[in-house]
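Please take a look at the structure shown here.

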Amino acid sequence: MNFDFSPEQKQLQDQVARLLARTCPPGEVRRVLDGHAPFARAAWRALGDMDALGAAIPEAHGGAGLGALELCLVAEEAGRALAPLPLSSSIYLAAGLVLRAGDAGQRERLLPGLAAGTLVGTLARAEGRAAAGREPACRVEGGRLWGVKLPVTDGMAADFALVTAREAAGVSLFLVPLGDPAVERTAVPVVDPTRPAARLAFHGAPAERLGPPGGAAALLGQALDRAAVLLAFEQVGGAAEALRRAVAYACGRIAFGRPVGSFQAVKHKLADVHVRLRVARAHACYGAWALATDAPDLPLAAAAARVAATGAFRLAAEEMLQVHGGIGFTWEADCHLFLRRAQHTGLCLDGDGAWRARLFAGLLDRTPADTGLLGGRDGL
């Protein structure tokens, strides 16, 4: 039984890595960080030209028709490069929802542009901390949307948003063009400016339902599980690069006549990161299998991948900074870029706490034999 990716999939991953190294170097990441661009447009269009953005979109809708496994590898390389791209907003969430819930006209209108990188979409469902856990205050009446969403990742750059809002039938998902004059966009401060967010105010903006009336909860639950696996691969890629840079610095930095990496305390730090990264990648790969096969285990696999990858990326970014010592805290060093991205990805898609709760609830629903715990068939 083969648990690895195929040679063809690894070749795609290598091509994406080389493309991002050319179009999205650290200087481009810092250009977005400094507010000179909403995202790395050249890299985004290049990924669209090589069909990487449309890896999981069928050829009939302008994509490459490859599959979820290939998109996972694209996500891993984007995370490794800290690429400031709207992948999660536009591809994992918006494209995924349009593909699965949109009608024929919506798919034909939106998916080719999303796959090519000429369109950017996003998901708008949060309404600020005070509204967390409540039904959305945004409402749709007569095909017009009223209300505020905050924060909306990539909201300043997106061409359209999928917005959760109340209507007579319940909470539904609506497709809203963000270029309409009835939409007011305002940038908001975020922990990672390479992944900017916005406040979207809708003053009677035209809204087109996506999916069945009152079906937002079911659609979002499935979409978040799929996106969680892809985001876990981004986190694994970021953690792997943070570890690589930390090891390289520890081997080259001389203190007291020897490389700092030769000291036991530093070795232990890096070894701990390595172990956490291996565990996270194993969970992410299991999530990729569940995603590609549409397995019933997907919700649990997605939660496990999300929790493991979030912890590994945070640890890798923190230890990278510690290994670099005093220079690691400076603006000129790249350590803070990894720490910012680790914190941002940990807050995305409901945040680490919510995924831990889902994982715990999912494990409680399974018997010892199902989970392999407490002496089950595949006991740990």
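Is Asp294 buried or exposed? With a relative accessible area of 62%, Asp294 is exposed. Here exposed means over 50% relative accessible area, buried means under 20%, and partly exposed lies in between, with a 1.4 Å probe and protein chains only.

## Ground rules

This is a predicted model, in which local features need pLDDT of at least 70, side-chain atom pairs count only at pLDDT 80 or more, and totals for chains, interfaces and linings use all residues. Residues are numbered from 1 along each chain as its sequence is written, and side-chain values use heavy atoms, with hydrogens and water left out.

Helices (H or I, at least four residues) and strands (E, at least two) are DSSP runs, numbered from the N terminus.

## Backbone exceptions

Most residues other than glycine have a negative phi, and most peptide bonds are trans. Asp294 has a positive phi, near 55°. Its place is the loop between helix 8 (264-293) and helix 9. Leu349 also has a positive phi, near 55°. Leu349 sits in the loop between helix 10 and helix 11 (351-364). Leu349 counts as buried, at 14% relative accessibility.

The peptide bond from Leu150 to Pro151 is cis, with omega near -10°. Pro151 belongs to strand 3 (residues 144-153).

## Helix 9

Helix 9 covers residues 298-324, which makes 27 residues. Its expected span is 1.5 Å times one less than its number of residues. Of the 27 residues, 23 are buried, so helix 9 is mostly covered. Gly325 follows helix 9, and its phi is positive, near 70°.

Glu76 is in helix 4 (residues 68-80). Glu76 counts as buried because its relative accessibility is 4%. Its side chain makes a polar contact with the side chain of Arg281, at 2.8 Å. A polar contact is a pair of N or O atoms within 3.5 Å; within protein, one must be able to donate a hydrogen and the other to accept it, and residues adjacent in sequence count only if both atoms are side-chain atoms. Not counting residues up to four places away in sequence, Glu76 touches Gln13, Phe233, Glu234, Val236, Gly237 and Arg281. Contact means heavy atoms within 4.5 Å.

Val236 lies in helix 7. Val236 is buried, with a relative accessible area of 2%. Beyond four places in sequence, the residues Val236 touches include Glu76, Leu277, Ala280 and Arg281. Val236 and Ser89 are 147 residues apart in sequence, and their C-alpha atoms are 18 Å apart in space.

## His336

Where is His336 placed? His336 is in helix 10 (residues 335-347). At 12% relative accessibility, His336 counts as buried. The His336 side chain reaches the backbone oxygen of Trp331 at 3.1 Å. Leaving aside neighbours within four places in sequence, the contacts of His336 are Arg30, Leu33, Thr330 and Trp331.

## The nonpolar core

A nonpolar core is a set of buried Ala, Val, Leu, Ile, Met, Phe, Trp, Tyr and Cys residues joined through side-chain atoms within 4.5 Å. The largest one has 126 residues. Those with the most contacts inside this core are Leu20, Leu97, Leu145, Leu162, Val176 and Phe202. Apart from neighbours within four places in sequence, Val176 is in contact with residues including Leu145, Phe160, Val183 and Phe202.

## Pocket and cavity

Rolling a probe the size of a water molecule over the atoms shows where empty space is left. On a 1 Å grid over the protein atoms alone, a cavity is a set of points where a 1.4 Å probe fits but cannot get out, and a pocket is an open set with protein on both sides within 12 Å along at least five of seven lines; lining residues have an atom within 4 Å of a point. Grid points are joined across faces, edges and corners, and a volume is the space filled by probe spheres set on the points.

The largest pocket has a volume of about 1300 Å³. Its lining has 39 residues, and Arg125, Ala126, Glu127, Pro151 and Asp350 lie nearest its centre. Helix 7 gives the largest share of that lining, 5 residues. There is 1 cavity of 30 Å³ or more. The largest cavity holds about 90 Å³ of space. Helix 10 gives the largest share of its lining, 3 residues.
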